[in-house]
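Please keep the sequence and the 3D view open while reading.

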Amino acid sequence: GFHMTNEELKKHLDELHDELEKAHTMAPEERDMFGHLMSEMVQIAQGEGQSEEHKETLRERLDLKASDFDADYPRLSGVIRQVLEALAKMGI
């Protein structure tokens, strides 16, 4: 059910956080951008109203990042894709 998926998302967000900590070569602005994305995802996960449009933009941005990071941070892009999958399961 919903709760389970929510837990799953939280787990992936934690992993994402860990991978970010390890990505020492990442530019500070990239890191900040992720901070924002993550807090947006947390809000969505908590069911705080985000418009459909907003969710789509969020997904697209995550998708782009996953592709960006394939070469330099493969593990990070893997985690991003898991986050996207968890969001999809939640109907986001």
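Glu 40 sits in helix 2. The model is predicted. Is Glu 40 buried or exposed? Its relative accessibility is 15%, so Glu 40 counts as buried; the cut-off for that class is under 20%. Along the chain, Lys 55 is 15 residues from Glu 40, and their C-alpha atoms are 9.1 Å apart.

Arg 61 has a relative accessible area of 29%, so it is partly exposed.

## Other salt bridges

How many salt bridges does a search of the whole structure find? The search finds eight. One of them joins Lys 89 and Glu 8, whose closest N and O atoms are 2.9 Å apart. This pair links distant parts of the chain: Lys 89 is in helix 4 (residues 74-89), Glu 8 is in helix 1 (residues 2-22), and 81 residues separate them. The two ends fall into opposite classes of accessibility. Lys 89 counts as exposed because its relative accessibility is 53%. Glu 8 counts as buried because its value is 16%.

Glu 30 and Lys 65 form another salt bridge, with the closest N and O atoms 3.3 Å apart. Glu 30 lies in helix 2 (residues 28-45) and Lys 65 in helix 3, so the pair ties together parts 35 residues apart in sequence. Glu 30 has a relative accessible area of 22%, so it is partly exposed. Lys 65 has 12%, so it is buried.

Some salt bridges share partners. They join Glu 19, Lys 22 and Arg 75 into one network.

## A negative patch

Which residues gather in a patch of negative charge on the surface? They are Glu 53, Glu 56, Glu 60 and Asp 63. Asp 63 belongs to helix 3 (residues 52-69). Its relative accessibility is 41%, so Asp 63 counts as partly exposed.

Helix 4 has a set of buried residues: Leu 76, Ser 77, Val 79, Ile 80, Val 83, Leu 84, Ala 86 and Leu 87. An α-helix has 3.6 residues a turn, so residues three or four places apart point the same way. Just after helix 4 comes Gly 91, with a positive phi of about 80 degrees.

## Leu 9 in helix 1

Helix 1 contains Leu 9. Leu 9 counts as buried because its relative accessibility is 0%. Glu 48 is 39 residues from Leu 9 along the chain, and 15 Å separates their C-alpha atoms.

Notes: Residues numbered from 1 in each chain as written. Predicted model: local features only at pLDDT ≥ 70, side-chain atom pairs only at ≥ 80, totals over all residues. Heavy atoms only, no water. Patch = residues over 30% accessible without salt bridge, like charges linked within 9 Å, V, L, I, M, F, W, Y side chains within 5 Å. Areas by Shrake-Rupley, 256 points an atom, 1.4 Å probe, with all protein chains shown as cover. Salt bridge = Lys/Arg side-chain N within 4 Å of Asp/Glu carboxyl O. Lys, Arg positive; Asp, Glu negative; His and termini not counted. Charge placed at Lys NZ, Arg CZ, Asp CG, Glu CD. Helix = DSSP H or I, 4+ residues; strand = E, 2+ residues; numbered from the N terminus. Buried < 20%, exposed > 50% of the residue type's maximum accessible area, 1.4 Å probe, protein only.
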